[in-house]
Amino acid sequence: MLINVAPDIETMGIRAARVIANEIRNKGRIVLGLATGRTPLPMYKELIRLHKEEGLSFSHVTTFNLDEYIGLAADDPHSYHHYMFSNFFNHINIPRKNIHVPDGMPADKEAVGIEYEEAIVKAGRIDIQVLGIGRNGHVGFNEPGSSLGSLTRTKYLSEATRREAAKEFGSPEKVPKEVITMGCGSILNSRHIIILASGVEKADVIKAAFEGPITTMCPASIIQLHRNVTAIITADAAAQLTLPVEDIMGI
Ligand code: PGA
């Protein structure tokens, strides 16, 4: 695992964007796994800048988002569809047909996960999966207790995550109880994982995920099983790590 410590969240985002931009420039046609939340916002901002100012093209990029709330329509301002279009897709030249965000209003909750996995395989699998990390160790919406081999399926949120999300929804009661999320196994099937974290409030979970036991109680600890992980984290989030921190050439 490469661990790159950034001085602040903006630099973290710029470095993550640079890894993705290099891959797009080298290969042209790539499949990206994308995350929502506060953490990846500076990365999206920099990717948009690279598109507008430096001609980075997303015309052959395909995307798969990690998760979505069940019961929220795509145009609901709290949905991850809405987040992705307003923070990223509306500002780049990605074809609509290349965008995949799990359906929050599925007619068949069993089938929707299976179809999502089939679409990932049909696209040629995920080249770079971007991950944030929840304070309780979740990745995507794989909460503590999730199977480490799981694939995309619907799940119920933990109370801890609903309390965190209440900041955006206004109150915990308004946060949907059910979600659809790529599984830990889906994430491990990607070719390269970029995990991002910032803030002192993530220091405990970064320590647990990177240096603690691989356990279903900390689903983010699955990154220890992956062959190709780049962690880009701010100094305050990295504060408890004892692993050596490496400088990554070119980012
Ligand atoms: P955050 O969320 O980026 O808003 O901290 C991360 C997560 O819960 O996965």
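Modeller: The discussion below goes from helix packing to aromatic rings, cysteines and individual loop residues.

Modeller: The model is predicted, so local features require pLDDT of at least 70 and side-chain atom pairs count only at pLDDT 80 or more, whereas totals for chains, interfaces and linings use all residues. Residues are numbered from 1 along each chain as its sequence is written, and side-chain values use heavy atoms, with hydrogens and water left out.

Colleague: At what angle do the axes of helix α2 and helix α3 cross?

Modeller: Two packed helices are described by the angle between their axes and the distance between the axes. Helices here are DSSP runs (H or I, at least four residues), strands are E runs of at least two, and both are numbered from the N terminus. Axes are lines fitted to C-alpha atoms, for helices over the stretch in contact, with angles from 0 to 180 degrees between N-to-C directions. Helix α2 (residues 41–54) and helix α3 (residues 80–87) have axes that come within 10 Å and cross at roughly 40°. The two helices are therefore oblique to each other; angles under 35 degrees count as roughly parallel, over 145 as roughly antiparallel, 65 to 115 as roughly perpendicular and the rest as oblique.

Colleague: Which residues make the contact?

Modeller: Contact means heavy atoms within 4.5 Å. From α2 come Leu41, Tyr44 and Ile48, and from α3 come Tyr83, Met84 and Asn87. The residues of this contact comprise five nonpolar, one polar and no charged. In that scheme Ala, Val, Leu, Ile, Met, Phe, Trp, Tyr, Cys and Pro count as nonpolar, Asp, Glu, Lys and Arg as charged, and the others, Gly among them, as polar.

Colleague: Which residues of α3 are buried?

Modeller: Buried means under 20% relative accessible area, exposed over 50%, and partly exposed in between (1.4 Å probe, protein chains only). In α3 the buried residues are Tyr80, His81, Tyr83, Met84 and Phe85. They pack against β2 (30–34), α2, β3 (61–65), β4 (67–69) and β5 (99–100).

Colleague: How many aromatic pairs are there?

Modeller: A pair of aromatic rings is described by the distance of the centres and the angle of the planes. Rings of Phe, Tyr and Trp (its six-membered ring) pair if their centres lie within 6.5 Å; planes under 30 degrees apart count as stacked, over 60 as edge-to-face and the rest as tilted. By this rule there are 11 aromatic pairs. One of them joins Tyr80 to Tyr83, edge-to-face, at 6.5 Å centre to centre and 75° between the planes. Both residues lie in helix α3, three residues apart, about one turn of the helix.

Colleague: How is the pair of Tyr80 and Phe141 arranged?

Modeller: Their ring centres are 5.9 Å apart and the planes lie at 20°, so the pair is stacked. The pair links distant parts of the chain, 61 residues apart: Tyr80 is in helix α3 and Phe141 in the loop between β6 (128–131) and β7 (153–156). Both Tyr80 and Phe141 are buried. Ring pairs also link a cluster that includes Tyr44, Tyr80, Tyr83, Phe85 and Phe141.

Colleague: How many disulfides does a search of the whole structure find?

Modeller: A disulfide is a pair of cysteine sulfur atoms within 2.5 Å, and the search finds zero. Cys184 is in no disulfide, and the nearest cysteine sulfur, that of Cys218, is 9.9 Å away. Cys184 counts as buried at 0% relative accessibility, and Cys218 is buried with a relative accessible area of 8%.

Colleague: What is the phi of Arg125?

Modeller: Most residues other than glycine have a negative phi. Arg125 has a phi near 75°, a positive value in a residue other than glycine. Arg125 lies in the loop between α4 (109–122) and β6 and is partly exposed, with a relative accessible area of 36%.

Colleague: Is Pro213 buried or exposed?

Modeller: Pro213 counts as exposed at 61% relative accessibility, and lies in the loop between α7 (203–211) and β10 (229–234). Ser221, in that loop too, counts as buried at 0% relative accessibility. Leaving aside neighbours within four places in sequence, Pro213 is in contact with Ala208, Ser221 and Gln224.
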